[in-house]
Amino acid sequence: MTSNNTISRRSPLLIPLLTLLLFGLGFASKISAQTLYVKKSGTKLQASESARSQVLTTLNQGTPVQVVKKGKRFYQVSAGGKTGWVFKFRLSATAPQKSGGDAGLLGALGGRQKIAAKEASSGSSIRGLSPIAEKHAKKKGISETDIKAVKQMEAFRIDPKELDKFLKEGKLGEYGQ
């Protein structure tokens, strides 16, 4: 018996199995190749699935990442030739629009650059005083001191390192249990 005879006897089963295997591998790679985007500049790509692990690099807002594996709180991703773990709430399915600045405390706590009114019942207070709201406040007798205090709160910025320390000590955000 020659090798051609052996292949021809097995080929009726071998060809459909190879075809299924190739389609299966192609389908599996499409499922796992999900692209997400970094919500906030300074997002940490970490060595392991923990906020306390070594920081491999930081990623800029809008950086596309390829999801390798999804964990409970962290996703293993690859970006810029490096593979590491990112807190899942720092990623978005859509590329964020350029906002001209980072969101400060609210962005760090919630991982959001902006909060839409439909997402927060106190949305207007989060955005601060618009010129119309300020005019209305004056008309209602709100003092200049109070209006100035609101404007100072709007201008308040927290150093990212101080914020990270606060989150770590309070076991908040990505440091939560």
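So, let's start with the rings: Phe74, Phe87 and Phe89 are linked into a cluster through ring pairs. Keep in mind that this is a predicted model. The structure holds two aromatic pairs. One of them is Phe74 with Phe87, and that pair is tilted, with 5.6 Å from centre to centre and 55° between the planes. Phe74 sits in strand S5 and Phe87 in strand S6, which covers residues 82-87, so the pair links distant parts of the chain, with the two residues 13 apart. Then there's Phe87 with Phe89: the planes are at 75° and the ring centres 5.4 Å apart, so that pair is edge-to-face.

Phe89 is partly exposed, with 44%.

Okay, zooming out for a second. The chain has six helices and seven strands. Reading along the sequence you get α-β-β-β-β-β-β-β-α-α-α-α-α. Of the 177 residues in the chain, 24% are buried. The exposed surface comes to about 12500 Å², and carbon and sulfur atoms supply 58% of that. And if you take the contacts with a separation of 6 or more, 50% of them are between residues 24 or more positions apart.

Next, the strands. S1 pairs with S4 in the antiparallel sense, over four bridges. If you want a spot to look at there, Gln34 stands opposite Val67 in S4. S4 also pairs with S5, again antiparallel and over four bridges. Over on that side, Lys70 stands opposite Tyr75 in S5. S4 and S5 make a hairpin, with three residues between them.

While we're on S4, have a look at Val68, which is in that strand, residues 64-70. Val68 is partly exposed, with a relative accessible area of 45%. Setting aside residues up to four places away in sequence, Val68 touches Gln76, Val77 and Ser78. And Val68 and Trp85, which are 17 residues apart along the chain, have their C-alpha atoms separated by 9.5 Å. As a bit of background, side chains in a regular strand alternate between the two faces of the sheet.

So which residues make up the largest nonpolar core? There are 11 residues in all: Leu36, Val38, Leu45, Leu59, Val65, Val67, Tyr75, Val77, Ala79, Val86 and Leu91. Strand S1 (34-38), S4 and strand S5 (74-79) are the elements that give two or more residues to this core. S5 gives the most, with three residues.

Not counting residues up to four places away in sequence, Leu59 touches Val38, Lys40, Ser41, Gly42, Thr43, Leu45, Val65, Ala79 and Val86. Apart from this core lies another one, of seven residues, including Ala51, Phe74, Trp85 and Tyr175.

Two more stops and I'm done. Gly62 is partly exposed, at a relative accessible area of 26%. Leaving out residues up to four places away in sequence, what does Gly62 touch? The partners are Tyr37, Val38 and Pro96. The C-alpha atoms of Gly62 and Lys40 are separated by 7.5 Å, and these two are 22 residues apart along the chain.

The other stop is over in the helices. Glu134 is in helix H4, residues 131-139. Leaving aside neighbours within four places in sequence, Glu134 is in contact with Leu129, Ile147 and Lys151.

Definitions and conventions. Residues numbered from 1 in each chain as written. Predicted model: local features only at pLDDT ≥ 70, side-chain atom pairs only at ≥ 80, totals over all residues. Heavy atoms only, no water. Buried < 20%, exposed > 50% of the residue type's maximum accessible area, 1.4 Å probe, protein only. Contact = heavy atoms within 4.5 Å. Core = buried A, V, L, I, M, F, W, Y, C linked by side-chain atoms within 4.5 Å. Areas by Shrake-Rupley, 256 points an atom, 1.4 Å probe, with all protein chains shown as cover. Phe/Tyr/Trp six-rings, centres within 6.5 Å; stacked < 30°, edge-to-face > 60°. Pairing = 2+ DSSP bridges.
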